[in-house]
Amino acid sequence: MTEKNFYITTPIYYPSGKLHIGSAYTTIACDVLARYKRLMGYDVFYLTGLDEHGQKIQQKAEEAGVTPQKYVDGMAKEVKELWQLLDISYDKFIRTTDNYHEKVVADVFERLLAQDDIYLGEYSGWYSVSDEEFFTESQLAEVFRDEAGNVTGGIAPSGHEVEWVSEESYFLRLSKYQDRLVEFFKSHPDFITPDGRLNEMLRNFIEPGLEDLAVSRTTFTWGVPVPSNPKHVVYVWFDALLNYVTALGYDQDEHANFDKFWNGTVFHMVGKDILRFHSIYWPILLMMLDIKLPERLIGHGWFVMKDGKMSKSKGNVIYPEMLIERYGLDPLRYYLMRSLPVGSDGTFTPEDYVGRINYELANDLGNLLNRTVAMINKYFEGEVPVYVENVTDFDADLAAVVADSLAQYHKQMNAVDYPRALEAVWNIISRTNKYIDETAPWILAKDEVKRDDLAAVMAHLVASLRVVAHLIEPFMMETSRAVLTQLGLPEVASLENLNLADFPSNVTVVAKGTPIFPRLDMEEEIAYIKEQMEGNKPATQKEWKPEEVELKLNREAIKFDDFDKVEIRVAEVKEVSKVEGSDKLLQFRLDAGDGEDRQILSGIAKYYPNEQELVGKKVQIVANLKPRKMMGRISQGMILSAEYGNQLTLLTVDQNVPNGSLIG
C-alpha cells in the first residue's frame, strides 16, 4: 500500500430536491480532509456526485413533465453550481447515468449472477419509494390497520409512506458472507468511526441474521437493465455503491486511477442514516468481487433544529446559498465544521450561527489581526522585526502552547474530529491575545531600552498569526489568504513541518488593515435568518411522525400470580443515544447484573432532550419481557417510568443498590 495516495469520497447524493446544509456539511467535511491531506504531501483523489436512478426519480420527472434524464441533468447542474459556491475541490463528479458506470454495473451484476452470489427469487414486503428501501412490518415506525386488524400500510422510519410490493426479484447472497464480514469487523475495529457505530451494526443488523437483499425491480424502468433479463432493472443501492470503484476506472480500459488510489488509503464519509448500506452491503459486494475493503468509514451525525429534524413544513430548513450570500463562505464552512460533535448530532440555531461569527471570528481572530497590523505600523512603520526566541518572559510559554496545539491539531485532523482540531487553533489565538495583554506593547513602546522586547513581541504576534493562517487553510481558504496578505506573507503551500520559529525575513504588513469579519448586529441577523427559514415553508405539506412507543397498563384487577411473573430489576445506564430516523426513541445499553449488557429501546426522547444526563443512573426495568424488534433493532426489556400530566420521569433507585437487584 502506498500511504501517500489518498482517496476520499462523499456519498453520491439523491437529486430528488434542493440540497440543504446537511449535504453541504458532508461535502465540506470531505473537502477539508482533501485539502489537509494535499497540504501534508498526499496525492489526493476526491470524488463526489449524484445517484440518479430509481423509482423516485422517475416519479419526480413525471410530476415535472420531463424525461428522467432531463430531470437529473437539471439537478446535476444545480448541485455542481452549489459545490462551486462552496469552493469544493473535488477531482471528479460522477453521475450514475454516465455510460461507463452503467456498463460496469451491468457487467458486475452478470458476473455475480454467474458465480451464484446473485439468484432469482420473489420478494414481498413494504417498500418506501422515497427511501428506495424495503422494510419489514417490525421496522415500520407506524402501522395502519383496517377494522379487521389487517395491516394496510405504514410509515417508514424516515417518515415516508410505504406500499406493499410483491414481485419477482434477484437477490444478493448477503447471508453467505455474514461470518466473513464479522471477522473483518473484529480484525479491523477502527474501520467504522466514530466509536459505537460498528457495534451498532453488529448488534442491530448482523447478529439477528443477515437476510439476502433484493437487488432488482420490475415495476419501473429508470435504472440499469439486467442484460440477461431486461425486464429487471438493477436496485438503486447496488448501482449506487459501485460508483466508488467505477469512478476510478474499475473494470474499464483506463484503470490507472483505480490501481493507484484504491491501493492507497480509501476513505468514505457518509451520514449515519446510510451507514448500514456502506458498512454491510458495500463490504460484502467488494468481497464478492475480490476487491480490498476501504480503510475508513465515517458515519457522522446530523444537523438538527431545536424542534427536531429539518422539515419544510416546520419552517426550519436552512439552505447554504442564503447564508453565503448574507455572511460569506468562510463563516459557513467554519460553523459547520466547528459545531457538529463527533459521534452525535448538532443543533443549528440562528443565535449560535451569528454568535460564533461575532465572538470567535470577529472578536478572537479578526481583532487579533487588526491589533497586530496596527501596532506594527505604529511602532515599526510596517516592517515586521526579525523573529528572536525567548526575549520576553512570556515568549517560551507562547511557543510551548503553539507547539502543543500544532500536535493536537494534526492528531484531530487525522481523526476527522474537526471541532477539536479547530479548538486547537483557537487555543493559539486565545494564548496570543493573552500574550498581548501580558507584554503590554503600548507600555514597552514608551521605553527605548525596551525596544528589543517590543520588536520580539511584534515578531511573535506575526509568527503566531502565520501558524493560525496555515492551520485554517483547509477550512477557510479566503480568511487564510486575507490574514497572510495583511501580514505580507506568502500563501500556504504546505502544512508539513510547520512551526512558530520558521519565519521569513523582510516582511512588511499592509499600511491599513481591513476587518476580515465585521461585527454583526445580533438581534437583526437572528431575525433575518429566522425570516428566511420561515420563507422556505410550503403552504401545505403532510408530515408523518413516528408512533410513540408506550406501555398502557390494563386497569382490570389481576391475580398476584400474574404480577409475580413480572421480573423487575435494577439496571445501570451505561450508554444512551438517539435512534436514527426516530424523534421518539432512545437506545439504552444497561448493566442488569446478569453478566451481559442488554439493549432496550424506549420512546422517551422528547422528555429527555439531553439524553446523556441519564448515563450512570440506576433505573427499574422489566427484565423478562420477550425481546422484540423496534425499527429494525432488538429491544430486550422495558424501562419503567411515571407519567403525570404532560410529563414523564424514569423510575430510579438509590445508587448504592447493586445492579440486578430484584424489585418486588
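Is phenylalanine 261 buried or exposed, and what is its relative accessible area? In this predicted model, phenylalanine 261 is buried, with a relative accessible area of 3%; here buried means under 20% relative accessible area, exposed over 50%, and partly exposed in between, with a 1.4 Å probe and protein chains only. Local features were taken at pLDDT of at least 70 and side-chain atom pairs at pLDDT 80 or more, whereas totals for chains, interfaces and linings use all residues. Residues are numbered from 1 along each chain as its sequence is written, and side-chain values use heavy atoms, leaving out hydrogens and water.

Phenylalanine 261 is found in helix α9 (residues 256–261); helices (H or I, at least four residues) are DSSP runs, as are strands (E, at least two), numbered from the N terminus. Leaving aside residues up to four places away in sequence, phenylalanine 261 touches Asn5, Phe6, Tyr7, Asp43, Val44, Phe45, Leu248 and Val266, where contact means heavy atoms within 4.5 Å. Methionine 201, by contrast, is 60 residues from phenylalanine 261 in sequence and 27 Å away in space, C-alpha to C-alpha.

Turning to the aromatic rings, Phe261 belongs to one aromatic cluster with Tyr7, Phe45, Tyr244, Tyr250, Phe258, Trp262 and Trp282. A search of the whole structure finds 31 aromatic pairs, a pair being rings of Phe, Tyr and Trp (its six-membered ring) with centres within 6.5 Å; planes under 30 degrees apart count as stacked, over 60 as edge-to-face and the rest as tilted. Tyrosine 334 and tryptophan 426 form a tilted pair, 5.0 Å centre to centre with 35° between the planes. This pair links distant parts of the chain, 92 residues apart: tyrosine 334 is in helix α12 (residues 329–339) and tryptophan 426 in helix α15 (residues 418–439). Both tyrosine 334 and tryptophan 426 are buried.

Helix α13 (residues 350–380) has 31 residues and reaches 42 Å from its first C-alpha to its last, close to the 45 Å expected at 1.5 Å a residue; the expected span is 1.5 Å times one less than the number of residues. At alanine 362, α13 bends by about 40°, the bend being the angle between axes fitted to the seven residues ending there and the seven starting there. Just after α13, glutamate 381 takes a positive phi of about 55°.

Arginine 451 lies over the face of phenylalanine 380, at 4.2 Å from the ring centre. Arginine 276 lies over the face of phenylalanine 277, at 5.3 Å. For such a charge, NZ of Lys or CZ of Arg is within 6 Å of the ring centre and within 35 degrees of the ring normal.
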